[in-house]
Amino acid sequence: MLALLLLGMPVRGAQAQLQGGVTFPVGTATLVGHDGRQHDLTVELALTPEQRMQGLMYRTSLQEGRGMLFDFGETLVVRMWMKNTLIPLDMVFFAPDGRVVGLVRQAQPGDLTPVGPAGPVRAVLELPGGQVDKWGISVGDRLTQPSLTLAKP
């Protein structure tokens, strides 16, 4: 079981730009497993409606150690889909207190089926397909992100 997911503040001035001119602040993250192993990530932050709508659409690759964190700024029922997404993704859904409450493994490119847990979430982390199993992420693991106040230490 993954013990903790720590996200750093956005890297000063760092941004990623996608097709359509949408830019994303870039930050760092560390996944720390129950065995103490750490997995460092670079995450793009989807914080605005425009950024969340764009997401990872039109990407032809997503390297291991990269991801996108969608923060909805409130708790609500969220369904994600893979419209215009060209690569398989894993999705990790977080409750307001930072607990993992849902996982979607290997969401298929172009699939319009809405997926997500039945209950409300605050954030979703998208990772390259297969990353959830490779790193052993499971329900009940945690996310800490002080700048987003998802969870308090």
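In this predicted model, the side chain of E44 makes a polar contact with the side chain of R59 at 2.7 Å. The side chain of R66 is another polar partner of the E44 side chain, at 3.4 Å. Here are the two pairs side by side:

| Side chain | Polar partner side chain | Distance |
|---|---|---|
| E44 | R59 | 2.7 Å |
| E44 | R66 | 3.4 Å |

Where does E44 sit? Its place is in strand β3, which covers residues 38-46. E44 counts as buried because its relative accessible area is 2%, under the 20% cut-off.

Now for the chain around this site. The protein chain has two helices and eight strands, and from the N terminus on its elements run β-β-β-α-β-β-β-β-α-β. Of its 153 residues, 46% are buried. Among contacts with a separation of 6 or more, 66% join residues 24 or more positions apart. The chain exposes about 7300 Å², with carbon and sulfur atoms supplying 54% of that area.

The largest nonpolar core has 19 residues, and F70, V78, M80, M91, F93 and V124 have the most contacts inside it. At least two residues of this core come from each of β4 (66-76), β5 (89-94), β6 (100-107) and β7 (121-128). Leaving aside residues up to four places away in sequence, F70 touches A46, R52, G55, M80, R122, A123, V124 and E126. There is also a second, separate core of 14 residues, which includes L41, V92, L125 and V132.

Terms used
Residues are numbered from 1 along each chain as its sequence is written. This is a predicted model: local features need pLDDT of at least 70, side-chain atom pairs count only at pLDDT 80 or more; totals for chains, interfaces and linings use all residues. Side-chain values use heavy atoms; hydrogens and water are left out. Helices (H or I, at least four residues) and strands (E, at least two) are DSSP runs, numbered from the N terminus. Buried means under 20% relative accessible area, exposed over 50%, partly exposed in between (1.4 Å probe, protein chains only). A polar contact is a pair of N or O atoms within 3.5 Å; within protein, one must be able to donate a hydrogen and the other to accept it, and residues adjacent in sequence count only if both atoms are side-chain atoms. Contact means heavy atoms within 4.5 Å. Accessible areas come from the Shrake-Rupley method with a 1.4 Å probe; for residues, only the protein chains shown count as cover. A nonpolar core is a set of buried Ala, Val, Leu, Ile, Met, Phe, Trp, Tyr and Cys residues joined through side-chain atoms within 4.5 Å.
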